[in-house]
Amino acid sequence: MKQKNILRRCYDAIPSGIICLLVVFALFGYLGHKMGTPNMLNTVMNTAHDLLLNTVFYLMAICVLTGALGKVFVEFGVVSLLEKLLRPLMRPLFNLPGVASLGAVLTFLSDNPAIISLAQDKRFGSYFKKYQFISLTNFGTAFGMGLLVIVFMIGQGFYMEPLIGLIGAFIGCIVSTRLMQRAVLKAYPHYLEENAYEEAVVEVAEDKSYRKPMFQRILDSLLDGGRTGVDVGIAIIPGVLIISTLVMILTFGPSADGTYTGAAYQGVELLPWVGEKIGFLFRWLFGFEDPHLIAFPITALGAVGAALGLVPNFIAEGWVDGNAIAVFTSIGMCWSGYLSTHTAMLDSLGYRRLTSKAIIAHTIGGIVAAIVAHWLFVLYACVV
């Protein structure tokens, strides 16, 4: 009986295994045919190595610094102050209780999953109706890693453009959150009146941190926040090395003389070819003047850290202008790798069945964010 079950499992696995092999052989067969197998392998290794040294460690340094800053903000009440300032905007803009503003601030300072750890606090969740509670996945994701994205773009020499992108991401968040709420209510109308949690009576523990000397509070905050930044920096390594390497090979072309040498950042220019075919769409929606730029939003679907890894090379090639940075910031913040996080986030909340609705709503929200950022930049350029 046990042997039959093993054989049945093997039989069931054959179709997906065959599909996997076909995809892998098709992809690497195509790349090997265009570049030559030795050159393809050398380019993959050299690109990943260069990304690790020159991009990942740079991003990790930013993560450490922003993590330390964020922890100091939490320790000394800046987050609470921002939450109180933003609270009046929550109901009219996002149709969420005022306490949701705390989730926006925390995800902006850290990453998407921060909203889930907050939502699992029953005291926090008791303020929400079920349809609002579910939409926190879209709401929090739109601000995920926002500080990192903005600081990174400023580090590339752009200042006003990331702020324009932040406004675009804010608008995209409104669209995504509202669409998700509407989709949930359409499928489950009774969620309109049902509470996410019953009002929880939680004893407030005495906060002993204020008994510490000021210097110790500052030092502990900086070190704890920096340690969190290291964890985030390590977490983005797979996305940057795997996704960015593949995207760059599909984006860049051969060397200057048209040959493949196995050097880093050589490729087959497949994505620019696709971009040229539908370039009119991206020029009108996002203002992209170069077809290579579509690689950023495609990569941001899975990992915003990997998408940021593309930017320095785009700048070096002269493909990036202020408009592109504004659009990159908005779509990078709003999407921030939602395809790789939405399923896990909704699963942790207990609403996995609504994942497809959340993804559709957030896809639309990200596109709206990019469009808004583009036209705001056009307006800014006209004024300046």
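Modeller: Gladly. Let us start with F314, which has a relative accessibility of 1% and counts as buried. Keep in mind that this is a predicted model.

Colleague: What makes W319 buried or exposed?

Modeller: Buried means under 20% relative accessible area. W319 has 16% relative accessibility, so W319 counts as buried.

Colleague: Why is the ring pair of F314 and W319 called tilted?

Modeller: Two things describe such a pair. A pair of aromatic rings is described by the distance of the centres and the angle of the planes. The centres of F314 and W319 are 5.6 Å apart, and rings pair if their centres lie within 6.5 Å. Planes under 30 degrees apart would be stacked and planes over 60 edge-to-face; the planes here are at 55 degrees, so the pair is tilted.

Colleague: How many aromatic pairs does the structure hold?

Modeller: There are 17 aromatic pairs in the structure. Ring pairs also link F282, F286, F288, F296 and F328 into a cluster.

Colleague: How do you know that the length of helix α18 agrees with what a helix should span?

Modeller: Helix α18 covers residues 322-335, which is 14 residues. The expected span is 1.5 Å times one less than the number of residues, so α18 should span 20 Å. Its end C-alpha atoms are 20 Å apart, which agrees.

Colleague: What makes α18 largely enclosed?

Modeller: Count its buried residues: 14 of the 14 residues of α18 are buried, so the helix is largely enclosed by the rest of the structure. Just after α18 comes S336, with a positive phi of about 35 degrees.

Colleague: Where does E269 lie, and what is its phi?

Modeller: E269 lies in the loop between α12 and α13. The phi of E269 is positive, near 55 degrees, and E269 is not a glycine.

Colleague: Why is E269 called partly exposed?

Modeller: Partly exposed covers values between the cut-offs of 20% for buried and 50% for exposed. The relative accessible area of E269 is 36%, so E269 is partly exposed.

Colleague: What does V44 have in contact, leaving aside its neighbours within four places in sequence?

Modeller: V44 is in contact with T245 and I249. Contact means heavy atoms within 4.5 Å.

Colleague: Why is N138 called buried?

Modeller: N138, in helix α8, has 0% relative accessibility, so N138 counts as buried. Leaving aside neighbours within four places in sequence, the contacts of N138 are S176, T177, M180, H342, A358, A361 and H362.

Colleague: What is the volume of the second largest pocket, and which residues are closest to its centre?

Modeller: The second largest pocket has a volume of about 350 Å³. Of the 18 residues lining this pocket, G67, K71, L109, S110 and T228 are closest to its centre. The elements giving two or more residues to the lining are α2, α4 and α11, and α2 gives the most, with six residues.

Colleague: What classes of residue make up the lining of the second largest pocket?

Modeller: The lining has eight nonpolar, seven polar and three charged residues.

How values were computed:
Residues are numbered from 1 along each chain as its sequence is written. This is a predicted model: local features need pLDDT of at least 70, side-chain atom pairs count only at pLDDT 80 or more; totals for chains, interfaces and linings use all residues. Side-chain values use heavy atoms; hydrogens and water are left out. Helices (H or I, at least four residues) and strands (E, at least two) are DSSP runs, numbered from the N terminus. Buried means under 20% relative accessible area, exposed over 50%, partly exposed in between (1.4 Å probe, protein chains only). On a 1 Å grid over the protein atoms alone, a cavity is a set of points where a 1.4 Å probe fits but cannot get out, and a pocket is an open set with protein on both sides within 12 Å along at least five of seven lines; lining residues have an atom within 4 Å of a point. Grid points are joined across faces, edges and corners, and a volume is the space filled by probe spheres set on the points. Ala, Val, Leu, Ile, Met, Phe, Trp, Tyr, Cys and Pro count as nonpolar, Asp, Glu, Lys and Arg as charged, and the others, Gly among them, as polar. Rings of Phe, Tyr and Trp (its six-membered ring) pair if their centres lie within 6.5 Å; planes under 30 degrees apart count as stacked, over 60 as edge-to-face and the rest as tilted.
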